[in-house]
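This report describes the strand pairing and helix packing of a predicted model.

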Amino acid sequence: MRDEEVVERLRAAGCVAAEAEADEMLAASPDPSALDRWVARREDGEPLAWIVGATTFCGRRIVVEPGVYVPRPQTEELARRAAALLPDGGRALDLCTGSGAVAAHLAASVPSAAVVATDLEERAVRCARRNGVTSLVADLAEPFRPIAALEVITAVAPYVPTDALRLLPADVQRHEPRLALDGGDDGLELVRRIVEAAGVLLTPGGHLLVEVGADHDAALSSTFTEHGFEPAAGWF
């Protein structure tokens with residue numbers, strides 16, 4: 001299959017970055033037959049990262065196994081901010097780690113830090129371990145209670161309200177794991193639990209960085225206050 005054929009098929013399937021995706025498939029495919037199968041999977045809406053087995057996050061290659069939530073580019077800012085706040089020799093916990101992309105960035109950016117991650121899904125934890133992340137199958141931070149010794153906690157928890165899942169792109173609804181998307185009635189069920197846990201586990205002056213929807217700041221204000229947090233100006 002010629003390069004231009006791959007691009008045209010991807011473009012016809014609605015891929016907005018058809019050229020870049022074609023380049024990635026062409027570079028990674030072992031043979032023309034595999035490439036044809038890969039393009040067909042992408043035409044069906046399967047995430048590119050599942051097809052080629054990896055994605056780029058904060059400039060490093062992250063393994064992403066099929067069925068594991070694909071880290072988004074917008075999450076890179078959270079990872080970079082968290083790394084900047086993590087002191088040498090510090091301790092960090094990444095919740096809902098998925099592929100372990102955020103935790104891997106923290107560990108690479110601050111090699112002297114101890115970085116641990118958790119996820120409820122065994123396949124996600126397996127994937128995170130492939131990315132060099134020390135990770136556990138667990139319900140959020142339960143294995144760490146009542147230890148209060150962390151400088152940084154990060155989380156990209158599901159935050160899409162259940163009723164809004166039907167508004168997500170069709171390929172996301174068809175392929176990506178619902179457990180990584182569904183945040184309950186208002187999208188914040190797990191986020192509130194994370195804030196509560198962080199209030200116990202962080203050292204005084206520690207930092208919680210959590211990704212939420214653009215309209216969630218007001219809804220979370222009282223939760224942060226209740227558990228002793230002051231949101232950083234301009235971070236919502």
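The model is predicted. Its open sheet is built from five strands, ordered 5-4-3-6-7, and the pairing is parallel. The edges are taken by strand 5 (134-137) and strand 7 (202-210); each has a single partner strand, so one side of each is left without a neighbour in the sheet. On average, neighbouring strands of this sheet are turned by 20° against each other, direction ignored.

Helix 5 (residues 76-85) lies across strand 6 (150-155) and strand 7. Relative to strand 7, helix 5 runs at about 165°.

## Helix 2 and helix 3

Two packed helices are described by the angle between their axes and the distance between the axes. For helix 2 (residues 18-28) and helix 3 (residues 32-43), the angle is about 145° and the axes are 10 Å apart. The crossing of helix 2 past helix 3 is right-handed.

From helix 2, the residues Glu21, Met25, Leu26 and Ala28 take part in the contact; they meet Leu35, Trp38, Val39 and Arg42 of helix 3. By class, the residues of this contact comprise six nonpolar, no polar and two charged.

Technical notes. Residues numbered from 1 in each chain as written. Predicted model: local features only at pLDDT ≥ 70, side-chain atom pairs only at ≥ 80, totals over all residues. Heavy atoms only, no water. Pairing = 2+ DSSP bridges. Helix = DSSP H or I, 4+ residues; strand = E, 2+ residues; numbered from the N terminus. Axes fitted to C-alpha atoms, helices over the stretch in contact; angles between N-to-C directions. Contact = heavy atoms within 4.5 Å. Left-handed = near helix turned anticlockwise from the far one by under 90°. Nonpolar A, V, L, I, M, F, W, Y, C, P; charged D, E, K, R; others polar.
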